[in-house]
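Reader: Could you take me through this model from the sheet inwards, giving the cut-offs behind each term as you go?

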Amino acid sequence: MKKLLGILVLGLLWCSVNETALAGDCDAIISGERETALTCADNDTLTVSGSITFDGQNAVDAQTTDGVTITNTGTIQSTGASAIRGQSSLTLNITNSDTIYSEGDYGIKLIEAEKITITNEANATIKTDPSDSSDQFAIGGINMGNCSTCVNDSTTSSGEGLTLHNYGNIDSHSRTVYGGHLSSHTSKKTKIYNYDGGMIDTTTSATIKFKYAEDFELYNYSGATIQAGSKYAIETKESSTVTIDNAGTISAVTTDTIYCVSCSDVSITNSGNITSGGTNAVRLDSVSGT
C-alpha cells in the first residue's frame, strides 16, 4: 500500500511539473516593469498592465504557437524589429488599450500567420517610428491566411488571415497595415474595420498595402480616417474579390488614393470623402466589378 501511494504521489508530482513546463513565459500577468523578452507557448494568456521594454527584437515572441491571447493596457516595446512576433502562429488574439511600439520594422509581425484578431481600442497606439524611413509595417506580414509553416495542420486552402478592429491610432513611416507586394506574398481573407475616431496613417505611401490579395474587405466608418503622406492610402493592385466601403475620410497628399489596378471582382461604395492632392482619387485601370 505504501509503495502504491508513493507511485501515485510521484505521478501527481510529474503531472504538475509537466503541466508547468508546457506553459511559456507569456502565461503571465506583467504589472511592473520588465526589460527581458517573453517566449510564448500554445494557449498562453499574457496580460500586461505595466511595461515590457526590450532592448532587441521580439519583446513578446509568439512564433509558431496556437491559441495565444495578449491583452495590453500598458506598454509593449522593442528597440529592434517586432514588439510582438506572431509569425506562423494560429488563432492569435491581441487587444491593445495603450501602446505597442517597435523602433524597427513590425509593431506586430504576422508573416504566414492565420486567424489573427487584433483590436486596437480608442486612444491606443500600434506603431513603428513614423519619422524613420527604414521603419515599416505597424501590423502585418506576407502570406497571412496562407501559411505553409503554421502549427496543428493549418491548411492554406481554408486559411483566414487578419481581422483588424481599429478605434485608435495605427502609424508607421510606410506600409502601415501590410499584406504583401509580390505575387508570392498573397494574403487571404483579410477584414479591416476602422471605426469612428480611428486613424490609420503613414508618413509617406502605402498606408494599407495588400497587393495580390484574395478576399480583401475594408470598412472605413463615419468619423474614421485613412491617410497617406504621399500616395496610395489603399493599395490593392492585382487583388481579387476586393470590397471597400467608405463612410469616413480616405486621403492622399499626392495621387492614387485608392489604387486597385488590374483587380478583379471589385466593389467600392462611398458615402464619405475620398480625396487626392493630385490626380486619381480612385484609380481602377483594367478591373472588373462595381
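Author: Ten strands, written as 10 in the count, form an open sheet with parallel pairing, in the order β3-β6-β9-β12-β15-β18-β21-β24-β27-β30. Strands here are DSSP runs of E with at least two residues, helices are runs of H or I with at least four, and both are numbered from the N terminus; two strands pair if DSSP finds at least two bridges between them. This is a predicted model, in which local features need pLDDT of at least 70 and side-chain atom pairs count only at pLDDT 80 or more, while totals for chains, interfaces and linings use all residues. Residues are numbered from 1 along each chain as its sequence is written, and side-chain values use heavy atoms, with hydrogens and water left out.

Reader: Which residue is the bridge partner of E235 in β27?
Author: Strand β24 covers residues 234-235 and strand β27 covers residues 258-259, and the two pair in the parallel sense over two bridges. Within β27, the partner of E235 is Y259.

Reader: Is V282 buried, partly exposed or exposed?
Author: V282 is found in strand β30, and, leaving out residues up to four places away in sequence, V282 touches I258, I268 and I274 (contact means heavy atoms within 4.5 Å). V282 also lies 8.9 Å from T255, C-alpha to C-alpha, although the two are 27 residues apart in sequence. Buried means under 20% relative accessible area, exposed over 50% and partly exposed in between, with a 1.4 Å probe and protein chains only. Because the relative accessibility of V282 is 33%, V282 counts as partly exposed.

Reader: Which residue in β22 stands opposite I192?
Author: Five of the seven residues of β19 are buried, so β19 is largely enclosed by the rest of the structure. Strand β16 (residues 162-166) pairs with β19 in the parallel sense over four bridges, with T163 opposite K191. Six bridges join β19 to β22, and these strands also run parallel. In β22, the residue opposite I192 is L218.

Reader: What is the angle between the planes of Y193 and Y219?
Author: The structure holds eight aromatic pairs, where rings of Phe, Tyr and Trp (its six-membered ring) pair if their centres lie within 6.5 Å, and planes under 30 degrees apart count as stacked, over 60 as edge-to-face and the rest as tilted. Y193 in strand β19 (residues 188-194) and Y219 in strand β22 (residues 214-220) link distant parts of the chain, 26 residues apart, and both are buried. Their centres are 5.3 Å apart and the pair is stacked, with an angle between the planes of 10 degrees.

Reader: Which residues do ring pairs link into a cluster?
Author: Y195 and Y221 form a stacked pair, 5.2 Å centre to centre with 5 degrees between the planes. Y195 lies in the loop between β19 and β20 (199-202) and Y221 in the loop between β22 and β23 (225-228), so the pair ties together parts that are 26 residues apart in sequence. Y195 is buried because its relative accessibility is 18%, whereas Y221, at 32%, is partly exposed. The cluster linked by ring pairs consists of Y167, Y193, Y195, Y219 and Y221.

Reader: Which residues touch the most other members of the largest nonpolar core?
Author: A nonpolar core is a set of buried Ala, Val, Leu, Ile, Met, Phe, Trp, Tyr and Cys residues joined through side-chain atoms within 4.5 Å. Leaving aside neighbours within four places in sequence, L110 is in contact with residues including L92, I116, I139, M144 and L162. Of the 52 residues in the largest core, those touching the most other members are L110 and I118.

Reader: What is the torsion about the S-S bond of C260 and C263?
Author: A search of the whole structure finds two disulfides (pairs of cysteine sulfur atoms within 2.5 Å). One joins C26 to C40 at 2.0 Å, S to S, and this link is left-handed with -70 degrees about the S-S bond. The other joins C260 to C263 at 2.1 Å, and both of these cysteines are buried. The disulfide of C260 and C263 is left-handed because its torsion is about -120 degrees.
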